[in-house]
Amino acid sequence: HDFLFSFFQRKNLSLFFSIGLLTSWGTALLGVRLYWMGNKPPSFSNSDNPAADSDSFLTRTLTFLYLPTKNLWLLLCPDTLSFDWSMDAVPLLKAVSDWRNLHTVAFYAGLLLLAYFSLKGSSNDRECNGKSVMNGKQNANGHSCHSEMEYKTLEGKASFTSKEENGIKKHEIQKLQLPSTENIVILSLSLLIVPFVPATNLFFYVGFVIAERVLYVPSMGFCLLVTVGVRALYVKAQKRFLKNLVFCSTAALIVFYGLKTVVRNGDWQNEEMLYRSGIKVNPAKAWGNLGNVLKSQSKISEAESAYRNALYYRSNMADMLYNLGLLLQENSRFSEALHYYKLAIGSRPTLASAYLNTGIILMNQGKTEEARRTFMKCSEIPDENLKDPHAHKSSVTSCLYNLGKLFHEQGHYEDALMVYKEAIQKMPRQFAPQSLYNMMGEAYMRMSRLPEAEHWYVESLRSKSDHIPAHLTYGKLLALT
């Protein structure tokens, strides 16, 4: 009853008013962010947050409850770190019998106990106001009437309270006191919990399983909690040996964590070292990114090996299948490239770039009918639930451009013009249109519609003044006229 009564006292009300104000501001900011994104959350692939994609309510609940525990362990023991924790880096909790649920129970029980004793201790401090104090520590009922910091101040500065010969008054002693331990704990818990709440999947699903970047602000609250705990141990230790043990343990902790930071900084020297460091946590993603880096360094055989390693751990990654196909295509291994492009399309039927490269290879092999069907399929992909809409639109436009060229080479100029016009309608802003415009001019030229041909040649040169094919074709037109 006393605890509930103190819960609603003025100081606690002030505390909860402040927390409520911060929560309101946070909610308002999230609302503005959501508005800017078109009143809908961003879409993520299934591998970014596997739990969110699970059909089982039990799996989603157990996994989302466990993830804060895993984040706390990263703060307590940052031994294993990774640039990416998606995919299977943290296996889903699919049953209550999973032993990791014990970690979840221990985490939330500890959090609730810490919050309870912080509020209870804070209320006990206020109950002691105005009561007699024995030896500067306890009242007649045996309850503590001062925080640990106040003990330290009263013990260490006892001579100041008994002597005023040095000109030091009691009100000056109060200035030396830090905020009470309970208030610091409440602040620490607020810093630890509130900034982390948006990442808990409580209000909306996020695009990651664990992201170490979201622990930057919560780590401030965690460090404060550790400091308060160490200080409490130091104050309560009666023997000099125990005090020295606490001090040396804290110094060793700082030294070892500092060394860990130095080692981790080495992983961040360049992309290759960073991706290699993440292989043990997320091998599929790490090997795939490493393959991209090795390819950019012209280490073709090593890049191919890295892509194959990534697919060994996760065989249905469309991007990785596409990247391996592209690597093989660039090295003139066309039949193998086609195989991996088809696998990529099977894994993600909306991957327009795989259709585009498949069609180009088929065109070069003289398989025009297969190439035409491939380009047609690419042009019919709906513009919904896409991982990269801009890249998708560019690939679709390129498919239509190549389909138009196919019709053009077969002498079907009307069909080519229809496809070119569709490409112009679908092309994104970043698409370079000079070749498309020039081919439209060519089609009109072949149909002896010279004014339209001249218009599109001029448009091609306007979009890129040094486009040599347009200069040549426009020159031929001028020679005729």
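Which residue lies over the face of tyrosine 234? In this structure, which is a predicted model, that residue is lysine 243, and its distance from the ring centre is 4.6 Å. A second contact of this kind involves arginine 213, whose charged end sits over the ring of phenylalanine 208 at 5.4 Å from the centre of that ring.

Seven aromatic pairs are found when the whole structure is searched, and the one I would like to show you joins tyrosine 322 and tyrosine 341, whose ring centres are 5.7 Å apart and whose planes meet at 40°, so that the pair counts as tilted.

Finally, please look at the largest pocket, which holds about 1,200 Å³ of space. It is lined by 32 residues, and those closest to its centre are Leu30, Val194, Val197, Pro198 and Phe203. The elements that contribute two or more residues to this lining are α2 (10-36), α5 (100-127) and α9 (181-193), and of these α2 gives the most, with 11 residues. Sorted by class, the lining of this pocket consists of 24 nonpolar, six polar and two charged residues.

Conventions: Residues numbered from 1 in each chain as written. Predicted model: local features only at pLDDT ≥ 70, side-chain atom pairs only at ≥ 80, totals over all residues. Heavy atoms only, no water. 1 Å grid on protein atoms, 1.4 Å probe; cavity = no way out; pocket = protein on both sides within 12 Å on 5 of 7 lines; lining within 4 Å. Points joined across faces, edges and corners; volume = space filled by probe spheres on them. Helix = DSSP H or I, 4+ residues; strand = E, 2+ residues; numbered from the N terminus. Nonpolar A, V, L, I, M, F, W, Y, C, P; charged D, E, K, R; others polar. Phe/Tyr/Trp six-rings, centres within 6.5 Å; stacked < 30°, edge-to-face > 60°. Lys NZ or Arg CZ within 6 Å of the ring centre and 35° of its normal.
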